[in-house]
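Please look over the structure shown below before reading on.

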Number of protein chains: 2
Amino acid sequence: MSSTQIDSQVTVQTTEQSAGFFNVLNSRRSVRKYESNVVISEEEIREILEIATKAPSSSNMQPWRFLIVTDPELKQKLQPIAFNQQQVAEASAIVIVLADLEMYSLSDKIYGASVEAGYMTQEVADNFIANSTKMYSGLPAERLKEIVVFDTGLVAMQIMLTARAKGYDSVPMGGYNRDQVKEMFNISDRYLPTLMLPIGKAAVEGHPTTRLSLDDITFFNKF
Amino acid sequence: MSSTQIDSQVTVQTTEQSAGFFNVLNSRRSVRKYESNVVISEEEIREILEIATKAPSSSNMQPWRFLIVTDPELKQKLQPIAFNQQQVAEASAIVIVLADLEMYSLSDKIYGASVEAGYMTQEVADNFIANSTKMYSGLPAERLKEIVVFDTGLVAMQIMLTARAKGYDSVPMGGYNRDQVKEMFNISDRYLPTLMLPIGKAAVEGHPTTRLSLDDITFFNKF
């Protein structure tokens, strides 16, 4: 192990650093009432997404796409599509997370960037591009969907946490009409909306919830 | 807005606190070589899961189950099932994340705990239990699977980050034979293995990777 590695681990392990992390994680709650006059700039939304998209994904395919709704009229239009939940109109930005079922079609960009960064040769990249395209395009549709849906879960969690670290709150919503969202924004069947995520400044705190006991959900060395 | 809420937001917004969070997030990389002599105690694994399971989920159904493999012989047996990737034998603990396709059958425990905590009356809880059981058990199988797979993505991200905050590394693996895992541990079709996640002390740092430009994946107010 090089000294660089030891240093970086020690840095993370310091109490202050982890305390900051745990504070962000523990302070995240689903918030349903927002200060509707608060604007989050496009720049700040991009900052949040830039950080959150450091999430890992299957073969680094990054199947997540983000449709961000900040226009007040469009937010109003979304509300009936989201079973009239008011946070959709009142939060500053609604991030609709989409899973790209043809994410492998961007593999040339993904591995091209790695070549540019000096992380791999063009030859290695070409192999990765050919192999990942062949593998993912050849998967049964249901299996491919599982992979991209799971990966949008990873990035969605990082969006919620990053927003919290920047003083915002959010509420993950699965309850909305996905077909109507696709229709409203002319989204093709290539993309599957997974999460609708309002982000903004809390007007009323989220309420606490409970969790199952670990004994109900963890199994050591046998199931 | 009450003063309590303002206080809690200000705490999170302080630079030190967010710096700790961002440091954890940015220092997480997929690590494939581990110090094979390092033991993570069952207690510490439970601590990590206790924190990570603060993740949100659809109707708070918490469809995640964790099979944790720490037994050296079992880890050896897992390696061929995971296409011989050595991290499966060398990391301290392998967390196999399972999605419970009948997660609603635990709704009495979930809402029962909320009653006990004083968050809702028994009457409200009974309604939630009846409604969530009816809704989720009535969903088409494919839709239900999307929901539970997505939710295991949320918790998996928090496991990776929490492990990092505690000085460990991990590597999310989708490439393994799920049927063989189910067979090895006698796991019924009620459970769908999503992620295999080795956790341990890095012996060699993870290599840096690139991400798509935000311009390729973000869409503001139109798609």
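Two strands count as paired if DSSP finds at least two bridges between them. With that in mind, in E7(B) the bridge partner of Phe66(A) is Thr218(B). The model is a predicted one. In it, 88 residues of chain A are in contact with 88 residues of chain B.

**Contact between the chains**

- On the side of chain A that touches chain B, the largest share comes from helix H8 (residues 141–165) of chain A, with 14 residues.
- The residues on that side of chain A comprise 41 nonpolar, 30 polar and 17 charged.

**Strands that pair across the chains**

- Strand E2 (residues 64–69) of chain A is joined to E7(B) by 3 bridges, and the two run parallel.
- Strand E7 (residues 218–220) of chain A pairs with strand E2 (residues 64–69) of chain B, also over 3 bridges and in the parallel sense.
- In this second pairing, Leu67(B) in E2(B) has Phe219(A) opposite.
- How many strands form the open sheet that includes E7(B)? There are 5 strands, in the order E4(A)-E5(A)-E3(A)-E2(A)-E7(B), and their pairing is mixed.
- The edges of this sheet are strand E4 (169–170) of chain A and E7 of chain B, each of which pairs on one side only.

**Strand E2 of chain B**

- E2(B) also pairs with strand E3 (residues 93–100) of chain B, in the antiparallel sense and over 6 bridges.
- Within that pairing, Ile96(B) in E3(B) is the residue opposite Leu67(B).
- E2(B) is mostly covered, as 6 of its 6 residues are buried.
- In a regular strand the side chains alternate between the two faces of the sheet.
- Which residues of E2(B) point one way, and which the other way? Trp64(B), Phe66(B) and Ile68(B) point one way, while Arg65(B), Leu67(B) and Val69(B) point the other way, and all are buried.

**Packing of H8 against H8**

- Two packed helices are described by the angle between their axes and the distance between the axes.
- For H8(A) and helix H8 (residues 141–165) of chain B, the angle is about 40 degrees and the axes are 7 Å apart.
- The crossing of H8(A) past H8(B) is right-handed.
- Residues of H8(A) that make the contact include Glu142(A), Val149(A), Phe150(A), Leu154(A) and Met157(A), and those of H8(B) include Glu142(B), Val149(B), Phe150(B), Leu154(B) and Met157(B).
- The residues of this contact between H8(A) and H8(B) are 10 nonpolar, 6 polar and 6 charged.

**Packing of H6 against H7 in chain B**

- Helix H6 (residues 107–116) and helix H7 (residues 122–138) of chain B have axes that come within 9 Å and cross at roughly 160 degrees.
- Why are H6(B) and H7(B) called roughly antiparallel? Angles over 145 degrees count as roughly antiparallel, so this description applies to H6(B) and H7(B).
- H6(B) and H7(B) cross in the right-handed sense.
- Among the residues that meet here are Tyr111(B), Gly112(B) and Val115(B) in H6(B), and Ala125(B), Phe128(B) and Ile129(B) in H7(B).
- The contact of H6(B) with H7(B) holds 5 nonpolar residues, 6 polar and 1 charged.

**Single residues in chain B**

- Ser59(B) lies in the loop between helix H3 (42–52) and E2 of chain B, and its phi is near 55 degrees, a positive value in a residue other than glycine.
- Is Ser59(B) buried or exposed? Ser59(B) is buried, because 21 other C-beta atoms lie within 10 Å and 20 or more are needed.
- Asn221(B) is in the segment after strand E7 (218–220) of chain B, and its phi, near 65 degrees, is likewise positive in a residue other than glycine.
- Asn221(B) has 14 other C-beta atoms within 10 Å, so Asn221(B) is partly exposed.
- Pro208(B) is placed in the loop between strand E6 (202–204) and helix H10 (214–217) of chain B.
- Pro208(B) is exposed because 10 other C-beta atoms lie within 10 Å, and the limit for exposed is 12 or fewer.
- Pro208(B) and Thr162(B) are 46 residues apart along the chain, and their C-alpha atoms are separated by 20 Å.

Notes. Residues numbered from 1 in each chain as written. Chains lettered and ligands numbered in written order. Predicted model: local features only at pLDDT ≥ 70, side-chain atom pairs only at ≥ 80, totals over all residues. Contact = placed C-beta atoms within 7 Å. Helix = DSSP H or I, 4+ residues; strand = E, 2+ residues; numbered from the N terminus. Nonpolar A, V, L, I, M, F, W, Y, C, P; charged D, E, K, R; others polar. Axes fitted to C-alpha atoms, helices over the stretch in contact; angles between N-to-C directions. Parallel < 35°, antiparallel > 145°, perpendicular 65-115°, else oblique. Left-handed = near helix turned anticlockwise from the far one by under 90°.
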